[in-house]
Amino acid sequence: MDVMYEKPVLTEDGVAPKVSVSTDDLGSKGHLPMDPEAEKKVVRKCDLHVMPIISLLYMLSFVDRINIGNARIQGLEKSLNMKGNNYNIALFVFFIPYILFEVPSNIILRKVAPSTWLSFIMFCWGVVTTCMGLTQSYAGLVVCRFLLGFFEAGFVPGCIYLISMYYKRYELQWRVNLFFCASILSGAFGGFLAYALANMSGIGGYEGWRWIFIIEGLITVVVACFAKFFVVDWPETAKFLKHDERDILLRRLQEDVAEARMDRLDKKATHRVFGDWKIYVGTIMYFGVVNTGYSTSFFTPTILQQLGWTAIRAQVYSIPIYVTSAVITLFTAFCTDRLRHRYTFTIIGVCVATVGYVVLLVQQSVPVGARYTAVYLITVGSYITQPVTLAWLSNTMGGHYKRSISSAVQIGLGNCGGIVASNIYITTQAPTYPVGFGVSLGLLWLCALACTVFVVGLRMENKKRDRGERDDRFALPKDELENLGDDHPNFRYGY
């Protein structure tokens, strides 16, 4: 019996004009309405199995990436006889392989089980982190930082890609922000752990900064050994779901993106992916704000120490900054998904961080308490905006391969902001860092400009599709029409 049911075609609100589709298009169970309770149960199971483990891994990833900031104020530079801008160079080299290998890593991830690939690269960077605590020279530190960037390259875009394949578009921001909270809390956790490990100075003949790398690296290695058994694979093969639950998950995801599929990376699909303006504007959005994210991670302990505090006190006082940022980040995620809106929140974050930068640019005329508050505002503002840019671009991508490549390009090229952050906080300009704060403020407003271009472009494209100006694509050969991704005429963008 060929029963018809109303299938939603996505609009800027998420759902709009309804089109009748037969069961031939949706499978044998297409005529049955989904049980809302069963659907909620599936989402809860995804939350329990997808999010906790990769959030934990991300926390360890970010701790291993930024712990050099804590090691610095515990004597790293003195022990390795580092001078001038050597510290900035050690930060910089991390991003060369990190940027170059993100896209290849995500292509590998599409062909290898995520549980295998993510746990493997995590094990490798854990070993490298441990070696950073054992190196006896500045050259050894630079080599380790390069290898760390190489092995960490595929982790964040891989996780964003994996999360995006389990949730509807307006369920995604909450999960992405949960994931991002791991990086925020890594600042608090890293500061607390560095405070504890610094007290190990002298044990085994190692300085305190060495124990920061050694212990944190070993923790990562141990967790990676178990991660293989807990990280989920793709929804089509999700072992934590029963067969009928997997059917519900796949169906709800398919209905969310309508016909926007890209499961084959042929020549035409490759052209559509790399010719999509949204990926590059989304990359500029991320580039503009991630510079601030890295600036706070790398230099917050140093900035706080230069307020006249001891190294230990600076590390402890950095903890509440990150905890506050995590709470506000989650609140932002709740609001953006509930309101089904992204753009305004990116601008709010930019404005909040701007106030903080202005205070630090005139810091010599304000009290220490105001400068400490400014660091709060910068960190909070950046973490309001940064995760929204990631989820927003992912929301506009249709199909496996397009989401995979877009997240890798956005995070890979966008992390050039990390290169900028590594080089603008010039040692000789401490503690005012006019170039560092000024450039970071400018890049924030570049992010705001890119977000504005993004929202205008999406609205214009939606209106063209509403007027039928993309309906000529329905005449394409069936195999191409079914592999258009978000270029499918029935797809509508959210903003």
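Helix α6 passes helix α8 in a left-handed crossing. That crossing comes from a predicted model, as does everything else in this briefing. The axes of α6 (residues 114-132) and α8 (residues 155-164) come within 11 Å and cross at roughly 155°. The cut-off for roughly antiparallel is anything over 145 degrees, so α6 and α8 fall into that class.

**Helix packing**

- α2 and α10 give a second case to look at: the axes of α2 and helix α10 (residues 208-227) come within 10 Å, at a crossing angle of roughly 165°.
- That angle makes α2 roughly antiparallel to α10.
- The handedness of the α2 and α10 crossing is left-handed.

- Which residues make the nonpolar surface patch? Ile96, Leu100, Phe101, Val143, Phe146, Leu147 and Phe150 build it, and the patch covers about 590 Å².
- Two elements, α4 (86-100) and α7 (138-152), each give two or more residues to this patch.
- α7 supplies the largest share of the patch, with four residues.
- Phe101 sits in the loop between α4 and α5 (102-111).
- With a relative accessible area of 34%, Phe101 is partly exposed. Patch members need over 30% relative accessible area, so Phe101 passes that cut-off at 34%.

**Salt bridges**

- How many salt bridges does the structure hold? The count is 22.
- As background, side chains of opposite charge can pair when their charged atoms come close.
- One of the pairs is Lys41 with Glu245, whose side chains meet at 3.9 Å, N to O. This pair links distant parts of the chain: Lys41 belongs to helix α2 (residues 36-72) and Glu245 to helix α11 (residues 243-257), 204 residues apart.
- Are Lys41 and Glu245 buried or exposed, or something in between? Lys41 is partly exposed, at a relative accessible area of 41%, whereas Glu245 is buried at 5%.
- Arg72 and Glu77 form another salt bridge, with the closest N and O atoms 3.2 Å apart.
- Arg72 is buried, with a relative accessible area of 12%, while Glu77 counts as partly exposed at 22% relative accessibility. The line between the two classes is drawn at 20%, so Glu77 ends up on the partly exposed side at 22%.
- Lys278 and Asp276 also meet through their side chains, in a salt bridge of 2.8 Å, N to O. Both of these residues, Lys278 and Asp276, are buried.
- Beyond the pairs, there's a network of salt bridges that links Glu39, Lys168, Glu171 and Arg252.

- Asn81 isn't a glycine, yet its phi is positive, at about 55°.
- Where is Asn81 placed? Look in the loop between α3 (76-79) and α4.
- Asn81 counts as exposed, at 53% relative accessibility. Exposed means over 50% relative accessible area, so Asn81 makes that class at 53%.
- Arg340 has a positive phi of about 55° too, and Arg340 is not a glycine either.
- The loop that holds Arg340 runs between α14 (311-339) and α15 (343-361).
- Arg340 is partly exposed, with 38% relative accessible area.

**Apart in sequence, and how far in space**

- Leu185 is partly exposed, with a relative accessible area of 32%.
- Lys464 belongs to helix α19 (residues 434-466), and its relative accessible area of 27% makes Lys464 partly exposed.
- What separates Lys464 and Pro489 in sequence and in space? They are 25 residues apart along the chain and 9.5 Å apart from C-alpha to C-alpha.

How values were computed. Residues numbered from 1 in each chain as written. Predicted model: local features only at pLDDT ≥ 70, side-chain atom pairs only at ≥ 80, totals over all residues. Heavy atoms only, no water. Patch = residues over 30% accessible without salt bridge, like charges linked within 9 Å, V, L, I, M, F, W, Y side chains within 5 Å. Areas by Shrake-Rupley, 256 points an atom, 1.4 Å probe, with all protein chains shown as cover. Salt bridge = Lys/Arg side-chain N within 4 Å of Asp/Glu carboxyl O. Buried < 20%, exposed > 50% of the residue type's maximum accessible area, 1.4 Å probe, protein only. Axes fitted to C-alpha atoms, helices over the stretch in contact; angles between N-to-C directions. Parallel < 35°, antiparallel > 145°, perpendicular 65-115°, else oblique. Left-handed = near helix turned anticlockwise from the far one by under 90°.
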